[in-house]
Amino acid sequence: MQKIVAENTWKDYSEKKHSKPLPLKGIRVLEVCTLVLGPSGPGCLSRMGAEVIKCEMPPLGDTLRGLVPFGYWFREQCTSFIRPNPNKYWLGLDLHKPEGQELFRELAAKADIIEENQRPGVMERWNVGYRQIKEINPGIIYISKTGFGQWGQYATENRPSNDGAAQAFSGYAWMSSFPGQRPLKSRLYICDSYGALMGEVAVLAALHYRNRTGKGQFIELSQSESIMRTMSWIWPYQYITGKRAMPSGNRDVSICPADTFRCVDDTFLALAAPAPEEFKGLCIAMGKPELADDPRFKDHLTRLQEENATEILRIIAEWVRIKTAEEVEGLAEKHGFTASRLYTIKDVVEDRHFRERRFVTEVDDPLLGQFLDYEFPVMMSKSSPRVSWTIRPVGFDNEYIMAHHLGKNEDEIKALYECGALGKWADVRGRRPSSDWDGKTGLIMARD
Amino acid sequence: MEEIEGQVWADWIRERNDPKTPRTKPEALDDITVLDLSYNSYAGCYCSSMLAEFGAEVLRVEPPQGDFIRTCTPYGILYKGEGLNYLGEGRNKFHITLNLEKPDGREILKGLVAQADVLIETYRPGVMDGWRIGYEDLKKINPQLIFASITAHGQFGPMSASHMADYDNIIQARSASQYDTGEILPEGKTYDEYPWAVPTKAGPWIGWVESGTHMAVGILAALHWRELTGDGQALDVASEEAYASIEDWAAVWYQGAGVVNERFGSLNTAGWLYCFAPTKDGAVFLGGLRLEMWQAFADMVGKWDEWGAAGWKDLTPFMEKDGQLKWSALVFTETRKYTNKELVGMSVEYAKKGRLAPITPVVAPVCSPEEAMQDANWLDRGIFTPIDDPVYGKLVVAQTQYKLTETPIRTKWVCRPVGYDNGYIYLKYMGFGPQRLKALKEAEII
């Protein structure tokens with residue numbers, strides 16, 4: 001193997017990432033978002049150094065704060081809330097109140113990006129819609145993320161939506177099942193996470209355009225449309241053949257062989273070997289080198305045909321059934337095809353490779369303590385994204401934001417609390433600090 | 001709804017965002033040139049598509065025989081000689097050929113690099129370096145270059161030396177989300193009896209898509225940073241990390257409680273009400289992650305009193321495993337009484353007239369992609385509008401998935417045959433006329 005010069009580029013990356021500049025330094029983002037589709041987008045930007053102010057309705061805040069696996073709370077905080085919300089500033093702001101709306105507009109006047117996932121028209125009713133904000137800040141990039149977009153039949157019917165609805169509507173779940181079985185929902189909030197990520201492509205493209213022209217704009221994102229964009233062959237296939245695309249379980253119908261197989265110990269292994277040298281290597285590993293020259297399997301397009309694919313997958317399944325995953329992984333490395341046991345979450349968290357790359361990274365948070373989080377998975381050699389701190393109770397940074405960003409004095413801040421424009425957490429788990437909090441730790445600016 | 005500028009919001013925004021309006025607006029990235037060298041990687045193609053949709057000039061560089069990914073097509077089907085996955089992901093790109101295994105080919109690449117902003121590549125770590133066209137080599141030619149590598153395991157770390165390639169099903173396997181997605185194996189049963197009650201991957205190439213889209217976001221952030229500093233840099237995406245990174249709670253659960261998350265069918269371990277439910281004619285998704293929405297569901301199916309919904313204080317009892325199993329059984333008994341259409345209608349009606357209106361549960365039919373492609377809502381919004389491609393004719397690929405008021409994305413063409421744009425692109429960038437091209441072709445360089 002060639003010497004990897006790239007190792008010079010990445011030498012010390014993991015150790016030094018906190019002493020490098022951040023790519024989105026200086027970019028200010030306001031989010032009025034709940035659950036996963038909304039907050040995950042700004043969560044990408046905040047990992048890359050944008051200053052994200054998360055506006056939550058006091059005292060309960062983001063709905064996601066209450067959603068935990070089988071009732072499990074992590075150090076009295078919400079397990080699910082951590083990943084989408086690193087490095088943010090936490091503002092408890094009631095947008096129903098005119099004074100709250102005014103505060104938002106003051107912040108918006110100095111912001112670069114606004115992200116929201118209320119139903120269509122709600123932000124406008126609060127006097128903070130795109131048409132109202134662009135009057136005070138024409139350069140604003142404003143993204144609204146919903147199930148169905150801002151117009152069309154479903155938007156007009158004001159239908160609520162969420163990840164599962166998009167998995168259902170798009171055909172994504174239907175295509176992710178075994179033939180003849182019930183459609184299966186992904187256990188990931190895939191349409192939320194993916195919609196949010198794709199939204200950031202548009203936001204950053206718009207930022208580039210603004211850097212060139214000074215012009216802002218409004219971006220409309222639909223969760224269902226985002227996930228439909230990922231479904232590649234399915235749409236042209238249906239248009240060209242007039243046939244309905246069919247699910248195929250774990251088999252990849254576009255790559256052959258590529259499937260999940262059962263090992264001797266009833267664990268599972270994914271394997272792929274489509275390229276000529278990979279397929280040849282697999283055949284050798286199976287002790288059947290002659291299969292590589294079999295007319296049914298001689299090239300990829302031939303092998304992909306239904307009857308041929310079924311046959312080669314059957315042969316491989318028989319072979320894997322008497323092997324362990326480790327044995328097949330070793331043979332794959334040796335013979336140049338690809339195989340991997342199915343990772344559990346334990347495998348991911350503890351994987352040596354992920355740890356050495358610090359993709360799985362230690363966070364030492366003043367409130368939540370030490371734990372492992374995932375970095376934004378784009379390593380950048382000169383401007384490295386990273387997680388510095390994590391979730392906070394509702395309204396935790398109110399005083400800091402008011403004083404630092406808007407220059408409010410103590411009396412003004414007091415008045416904003418009194419009229420209800422500002423608020424803090426309810427005495428409810430997931431909203432309030434953990435019981436061992438000393439009333440000071442983590443505050444950038446104390447209230448008293 | 002209030003009018004601003006003489007229109008309600010929905011009309012105002014539709015007038016600006018409807019993809020059916022003429023494509024006369026500017027493009028956000030039309031000042032950017034991208035070299036896409038990706039090989040056997042849908043992630044790379046998808047990444048450059050994200051940029052090409054916004055108007056970036058993407059030069060798709062393939063070896064003379066074409067990219068192997070073109071042969072990755074369902075059931076081996078070709079349409080006018082093209083694989084169906086590649087058919088949509090060549091969109092807006094100029095397709096050229098270049099033999100990077102030959103020194104003369106690499107010299108030509110350097111000429112292109114000197115004129116490019118971004119380079120995307122997906123070779124195994126070390127391959128580009130071995131050809132002396134890795135980041136350390138190319139930054140000498142163009143210090144502003146953003147050099148974006150997408151690979152299975154990334155550019156450094158113990159697994160980066162692995163010879164194993166980057167495939168979607170392997171990404172899914174290594175992210176943990178295949179392991180814990182799937183039907184529950186009934187107690188006392190075996191996989192032989194229930195071969196579908198196993199860890200189940202997503203059908204679409206979501207692993208590749210996640211890594212490609214993450215890289216597109218990284219490239220755009222690096223472009224912004226370059227505008228601030230003038231510096232290019234190298235970017236590294238490991239596909240398995242990109243897909244693993246979107247998991248929301250299991251990693252924290254494992255750290256805190258030592259629990260390894262297992263399959264839970266179409267229920268949701270981390271929230272209620274949130275599941276697929278069987279109906280008279282199929283299945284629907286039900287969502288109500290706030291107590292009021294779950295109460296609204298109980299009310300909508302006429303169980304407000306019987307289930308004691310008025311007395312529910314919070315969702316805690318429903319989120320525990322036993323609670324989920326017990327209540328999902330009760331819910332499914334109700335949903336089986338109705339068709340998908342009836343349930344969706346009930347939810348829309350409930351938002352208007354129900355006891356808790358406008359609060360209503362989310363009810364969505366579980367559609368096949370065939371039904372999705374016929375849904376009037378999506379047809380109206382333009383995502384399935386056929387494209388009239390100059391080479392491949394009329395085709396449907398998913399497009400205009402997001403709508404922007406100033407710089408809408410667009411699909412100008414869907415794909416190109418191998419080397420289709422050699423004449424134009426080599427003339428434009430390298431000054432190679434027909435005679436020179438002929439010679440390079442004979443020398444097997446392009």
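**Pairing, edges and burial in a predicted model**

Modeller: Strands β1 (residues 28-32) and β6 (residues 113-116), both of chain A, pair in the parallel sense over four bridges. This is a predicted model, in which local features need pLDDT of at least 70, side-chain atom pairs count only at pLDDT 80 or more, and totals for chains, interfaces and linings use all residues. Residues are numbered from 1 along each chain as its sequence is written, with chains lettered from A and ligands numbered from 1 in the order in which they are written.

Biologist: What makes β1(A) and β6(A) a pair?

Modeller: Two strands pair if DSSP finds at least two bridges between them, and here there are four. In one of them, A:V29 has A:I113 as its partner. Strands themselves are DSSP runs (E, at least two residues), and helices likewise (H or I, at least four), numbered from the N terminus.

Biologist: Why are β5 of chain A and β14 of chain B said to stand at the edges?

Modeller: The open sheet runs β5(A)-β2(A)-β1(A)-β6(A)-β7(A)-β8(A)-β14(B), with mixed pairing. β5 (88-92) of chain A and β14 (402-404) of chain B each have a single partner strand, so one side of each lacks a neighbour in the sheet. From one strand to the next, the twist averages 20 degrees.

Biologist: What makes A:F279 of helix α12(A) a buried residue?

Modeller: A residue is buried if 20 or more other C-beta atoms, placed from the backbone, lie within 10 Å of its own, exposed if 12 or fewer, and partly exposed in between. A:F279 counts as buried, and the buried residues of α12 (276-285) also include A:L282 and A:C283.

Technical notes. Axes fitted to C-alpha atoms, helices over the stretch in contact; angles between N-to-C directions.
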